[in-house]
Amino acid sequence: MVRPVTPRTPEGCEECLRLGAPWKQLRLCLTCGHVGCCDSSPLRHARAHAGNLGHPLVASLEPGQDWRWCYMHGTFV
C-alpha cells in the first residue's frame with residue numbers, strides 16, 4: 001500500500017483548510033498523498049481518512065520527525 005506520494009496540500013490539513021479549522025500536527029497518507037491532521041487535533045482527519053478509504057499508513061509531515069504509523073494495527077512501522 002505504500003507508494004511514492006507527494007503531499008496534496010503541503011500547507012496544511014486538506015479538510016481543515018477547506019473548513020477554516022485549526023490543526024496541531026500533520027500526517028501524510030502513504031497511499032494517496034492526502035494530508036490530514038493528527039489525533040491531537042480537534043477533527044482528527046488523518047484517522048478519518050484511514051478509516052473511510054482503507055489507507056492506514058501515514059508518515060509525520062512535521063519538521064524533524066521521521067516515522068510512520070499504521071492506524072489499522074496501532075503501531076509504528
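Which residues are linked in a network of salt bridges? Asp 39, Arg 44 and Arg 47 form that network, a salt bridge being a side-chain nitrogen of Lys or Arg within 4 Å of a carboxyl oxygen of Asp or Glu.

The model is predicted, so that local features need pLDDT of at least 70 and side-chain atom pairs count only at pLDDT 80 or more, whereas totals for chains, interfaces and linings use all residues. Residues are numbered from 1 along each chain as its sequence is written, and side-chain values use heavy atoms, with hydrogens and water left out.

**Salt bridges**

The structure holds three salt bridges, listed here with the separation of nitrogen and oxygen.

| Salt bridge | N to O distance |
|---|---|
| Arg 8 and Glu 14 | 3.0 Å |
| Arg 44 and Asp 39 | 3.6 Å |
| Asp 39 and Arg 47 | 2.5 Å |

In general, side chains of opposite charge can pair when their charged atoms come close. For accessibility, buried means under 20% relative accessible area, exposed means over 50%, and partly exposed lies in between, with a 1.4 Å probe and protein chains only. On this scale Asp 39 is partly exposed at 33%, Arg 44 is partly exposed at 37%, and Arg 47 is partly exposed at 32%. Arg 8, which pairs with Glu 14, is likewise partly exposed, with a relative accessibility of 43%.

A nonpolar core is a set of buried Ala, Val, Leu, Ile, Met, Phe, Trp, Tyr and Cys residues joined through side-chain atoms within 4.5 Å. The largest such core has 11 residues, among them Cys 13, Cys 16, Cys 37 and Cys 70. Two or more residues of this core come from each of β1 (26-29), β2 (35-37) and β3 (57-60); helices (H or I, at least four residues) and strands (E, at least two) are DSSP runs numbered from the N terminus.

Despite these cysteines, the structure holds zero disulfides, a disulfide being a pair of cysteine sulfur atoms within 2.5 Å. For Cys 13, the closest cysteine sulfur is that of Cys 16 at 3.6 Å, which is too far for a bond. Cys 70 is in no disulfide either, and the nearest cysteine sulfur, in Cys 29, lies 11 Å away. Cys 13 is buried at 0% relative accessibility, and Cys 70 is buried at 4%. Leaving aside neighbours within four places in sequence, Cys 13 is in contact (heavy atoms within 4.5 Å) with residues including Trp 23, Leu 26, Val 35 and His 45.

The buried residues of α2 are His 45, Ala 46, His 49 and Ala 50. They lie on the same side of α2, because they cover an arc of only 140° around the axis, the arc being that of the directions from the helix axis to the C-beta atoms. This buried set packs against α1 (14-19), β1 and β2, while the face turned away from the buried side carries the exposed residues Gly 51 and Asn 52.

Just after α2, Gly 54 takes a positive phi of about 70°. His 55 is found in the loop between α2 (45-53) and β3, and is buried at 15% relative accessibility. The side chains of His 55 and His 49 make a polar contact at 3.3 Å; such a contact is a pair of N or O atoms within 3.5 Å, where within protein one must be able to donate a hydrogen and the other to accept it, and residues adjacent in sequence count only if both atoms are side-chain atoms.
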